[in-house]
Amino acid sequence: MANVADVPKPSFRLSMLLYDTRYRSLTIQIVVFLLVMAGAAWLVDNTIRNLQALGKDFNFSFLGARAGYDISQRLVEYTNDSTHGRALLIGLLNTLLVAFLGCIAATVIGVLVGVLRLSKNWLIARLMTVYVEIFRNIPLLLWILLIYAVFTEAAPAPNAFRVNPETGEAATSMFLDAFAVTNRYTAIPNPVFGLDLGWLNIGLFYVSVDFLLLVAAIVVGFFLNRMALRRATRIQEATGDRPTTWWQSLLLLVGIPVAALLAMGFHFEFPELKGFNFTGGLNVSNSFMALWLALSLYTGAFIAEIVRAGVLAISKGQSEAAFALGLRPARTMNLVILPQALRVIIPPLISQYLNLTKNSSLAIAVGYLDLRGTLGGITLNQTGRELECVLLMMLIYLAISLIISGLMNVYNSSVKLKER
């Protein structure tokens with residue numbers, strides 16, 4: 001009887017690349033890859049030839065040229081004598097600022113509205129439904145323009161907050177004696193560190209040493225809290241009794257940063273009306289406020305539907321079991337339903353964060369100079385480097401989106417079901 005190992009193996013033939021299933025998929029992938037690369041090479045070559053025909057080249061040297069325009073709202077130092085690269089940095093930081101604050105506000109609004117839509121109170125549930133349907137079905141650009149018009153047309157002028165010496169009263173008053181919404185800007189308290197430790201040059205811009213110490217305190221508190229929770233988990237697995245950790249978490253997550261703030265003399269500098277304008281606080285442009293509110297309210301409506309769908313995906317038996325144990329509805333939602341619903345909520349939530357970040361490019365409609373307004377607007381028009389500016393802007397938005405997606409996917413992995 002012949003041994004199987006002695007059977008001669010068929011020799012390789014070129015026809016096997018098409019007719020043999022072991023090689024066919026690899027052949028198709030190689031052919032498609034070569035076609036894509038050939039198409040990309042043709043596009044690049046065609047672009048270079050067209051640029052040469054127009055007397056242009058492809059380079060980014062314009063980023064080192066003088067910008068020559070002002071940016072009213074900025075997070076780091078900038079003048080009209082700064083370079084276009086510096087203006088790009090200002091626009092990028094403005095984009096990241098409105099996207100970060102918008103994601104936080106939209107998440108809070110979305111979770112609250114999504115939970116309230118499931119309320120047994122008919123009036124509250126209907127009001128939340130009206131909010132969701134109105135904001136979801138009207139374009140975002142219209143909301144940005146509408147809110148901006150409200151700020152600029154309906155808000156009072158700064159001199160309306162001045163006290164009339166005859167009556168002893170002002171035409172309008174500040175909210176909580178700390179916030180003033182005017183038709184020019186919104187005056188808010190300015191966080192100030194009494195212990196000024198100076199600034200650290202990290203290349204592109206200067207960073208406050210006080211701010212870095214605060215961030216360090218928050219990071220240290222976070223990691224110490226994780227160590228405390230892991231220790232409690234080990235004790236629970238060994239003895240079956242989990243020690244109380246809420247006071248440790250409160251001390252580490254809140255106490256350490258608060259102690260750092262107190263040590264650095266942190267306080268708020270409240271705005272005061274002096275002359276024709278408010279001084280002492282931060283004067284935030286109405287274009288930023290309109291963009292932030294519109295993005296938050298618009299995206300919050302979509303997040304509310306995601307949260308509602310996530311809650312409804314959890315079996316009613318979970319709520320009934322929690323009620324049987326004596327948990328009230330609020331604690332049942334916080335401790336039982338929402339933690340399980342996160343596995344359904346987070347994947348579509350990532351898309352909403354990405355949409356909010358990309359929709360921030362509509363800021364140009366109200367004059368807020370973000371990445372689109374600086375690099376893709378004024379810089380593009382002044383330098384005539386359309387291809388370079390658009391390509392660079394696309395790559396930056398791509399990088400931001402990939403970073404957001406990556407961070408959220410890490411969090412999604414931490415809350416998903418762990419299979420054994």
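Is R136 buried, exposed or partly exposed? With a relative accessibility of 29%, R136 counts as partly exposed, where buried means under 20% relative accessible area, exposed means over 50%, and partly exposed lies in between (1.4 Å probe, protein chains only). The structure is a predicted model, in which local features need pLDDT of at least 70 and side-chain atom pairs count only at pLDDT 80 or more, while totals for chains, interfaces and linings use all residues. Residues are numbered from 1 along each chain as its sequence is written, and side-chain values use heavy atoms, with hydrogens and water left out.

## Overall layout

The protein chain is divided into domain 1, made of 51-140 and 285-419, and domain 2, covering 190-269; these bounds come from an automatic or database domain assignment. Taken over C-alpha atoms, the centres of domain 1 and domain 2 are separated by 26 Å.

The unreviewed UniProt entry places the feature "transmembrane region" at residues 23-44, 87-116, 128-151, 199-224, 245-268, 288-314 and 390-411; the positions are given in the numbering used here, the feature names are shortened, and annotations may be inferred rather than shown by experiment. Two of these spans can be described from the model, with helices (H or I, at least four residues) and strands (E, at least two) taken as DSSP runs numbered from the N terminus. Residues 245-268 are 75% helix and 12% strand, with end C-alpha atoms 32 Å apart. Over residues 390-411, the chain is 100% helix and 0% strand, and the end C-alpha atoms again lie 32 Å apart.

The buried residues of helix 7 are Q248, S249, L252, P257 and A260.

## Salt bridges

The structure holds six salt bridges, each defined as a side-chain nitrogen of Lys or Arg within 4 Å of a carboxyl oxygen of Asp or Glu. Some of them are listed here.

| Pair | N to O distance |
|---|---|
| R49 and D45 | 2.8 Å |
| R117 and E305 | 2.3 Å |
| E133 and R136 | 3.5 Å |

R49 and D45 are four residues apart in helix 2 (residues 21-53), so they are separated by about one helical turn. R49 is exposed, with a relative accessible area of 53%, whereas D45, at 35% relative accessibility, counts as partly exposed.

E133 and R136 both lie in helix 4, three residues apart, which is about one turn of the helix. E133 counts as partly exposed at 34% relative accessibility, and R136 is likewise partly exposed, at 29%.

## Other residues

F135 is also found in helix 4, and F135 is buried because its relative accessible area is 11%. Although F135 and F211 are 76 residues apart along the chain, their C-alpha atoms are separated by 37 Å.

Among the cysteines, C103 is buried with a relative accessible area of 14%, and C389 is buried with a relative accessible area of 0%. The structure holds zero disulfides, a disulfide being a pair of cysteine sulfur atoms within 2.5 Å.
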